[in-house]
Amino acid sequence: MPERKCPFELILAESEAKLIQNLSDLVKRCSTQALLNKKSFTIGLSGGSLVQLLTKSLVDQPLDTSRWMFFFCDERYVAHDHSDSTYWAYKTELLSKLPSIQESQFIKADTTKPLDQCALNYEEQVKSKLGLHGDTLPQFDLLLLGMGPDGHTCSLFPEQPESLAESSRLVIPIRNSPKPPPERITFTLPLINNARDVAFVVTGASKANVVKKVFVDIDKQYPSAWIEPINGKLTLITDAGAGQELKL
Ligand SMILES: O=C1O[C@H](COP(=O)(O)O)[C@@H](O)[C@H](O)[C@H]1O
């Protein structure tokens, strides 16, 4: 079996309630750790099914979120109030249910700029908010990732291997995305793999086979299999459906 270099934890939840509890525990642990010696907790969000799961994991929790800063691991290149926008999904779901979190805590992409500028500008925002020390890359405290049935994560798709080869940019534009909408921006591997904690949250039996291919076989034809934090920890939180082919 291929070797993974970073610490890896599998959390196989028996029910949605347990999965939400596990996700809540992970976010709490990462924020507590980050806020011990920094003034903010930086978390990168994905779209899709994660939006509702994360919202459920944070509501009714005695959490001080005032020093949290939310970024987007990928974003669709559409207006902020478009139904495809990941920011809009969080605004209508998470922000409406967690009024203690301010909209200004969300660092959003400026999709009014041309696509290339939008990606460059988001990269600049990441650098300026997280701070750069010498030549070192910005380090997120936690990135929450989803995975599509094709093994894509963020907006890194198997059909576009050149996006995985990006070695200098932290955020890149994506055109002709196989999953609509076609234009997006996405974090790249150098930025993702520099995070302190990276957690995939994957649910549903339709993803069981790709979960095995990515997390057991580490089959590099799937972009998700390239996620391996160099100085951090990788966690997979899955439900019984998505985890049914796992024998780690
Ligand atoms: O298009 C996207 O899909 C992935 C996976 O979404 P899911 O609904 O299958 O969980 C998501 O992580 C990514 O942020 C999004 O842009």
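1. Rings of Phe, Tyr and Trp (its six-membered ring) are taken as a pair if their centres lie within 6.5 Å; planes under 30 degrees apart count as stacked, over 60 as edge-to-face and the rest as tilted. On that basis, a search of the whole structure gives 13 aromatic pairs. The model is predicted, with local features needing pLDDT of at least 70 and side-chain atom pairs counting only at pLDDT 80 or more, while totals for chains, interfaces and linings use all residues. Residues are numbered from 1 along each chain as its sequence is written, and side-chain values use heavy atoms, with hydrogens and water left out.

2. Phe-8 and Phe-215 make a stacked pair, with 6.0 Å centre to centre and 15 degrees between the planes. Phe-8 belongs to strand β1 (residues 8-13) and Phe-215 to helix α7 (residues 208-215), so the pair ties together parts that are 207 residues apart in sequence. Helices (H or I, at least four residues) and strands (E, at least two) are DSSP runs, numbered from the N terminus.

3. Buried means under 20% relative accessible area, exposed over 50%, and partly exposed in between (1.4 Å probe, protein chains only).

4. Arg-4 lies over the face of Phe-8, 4.3 Å from the ring centre. Lys-220 is placed over the face of Trp-226, at 4.4 Å from the ring centre. The criterion is NZ of Lys or CZ of Arg within 6 Å of the ring centre and within 35 degrees of the ring normal.

5. Which side chains make polar contacts (N or O atoms within 3.5 Å) with the ligand? An N or O atom in the side chain of Asp-74 is 2.6 Å from a ligand oxygen. For Lys-207 the corresponding distance to a ligand oxygen is 2.7 Å, and for a polar side-chain atom of Arg-184 it is 3.2 Å. The protein covers 92% of the 390 Å² of accessible area that the ligand has on its own (Shrake-Rupley method, 1.4 Å probe).

6. In strand β5 (residues 142-145), Leu-142 and Leu-144 point one way and Leu-143 and Leu-145 the other, and all are buried. Strands pair if DSSP finds at least two bridges between them. β5 pairs in the parallel sense with strand β2 (residues 41-45) over two bridges, where Leu-143 is the bridge partner of Gly-44. β5 also pairs in the parallel sense with strand β8 (residues 197-202), over four bridges; Leu-145 stands opposite Phe-200 there.

Conventions. Polar contact = N/O pair within 3.5 Å; in protein donor to acceptor, adjacent residues only side chain to side chain.
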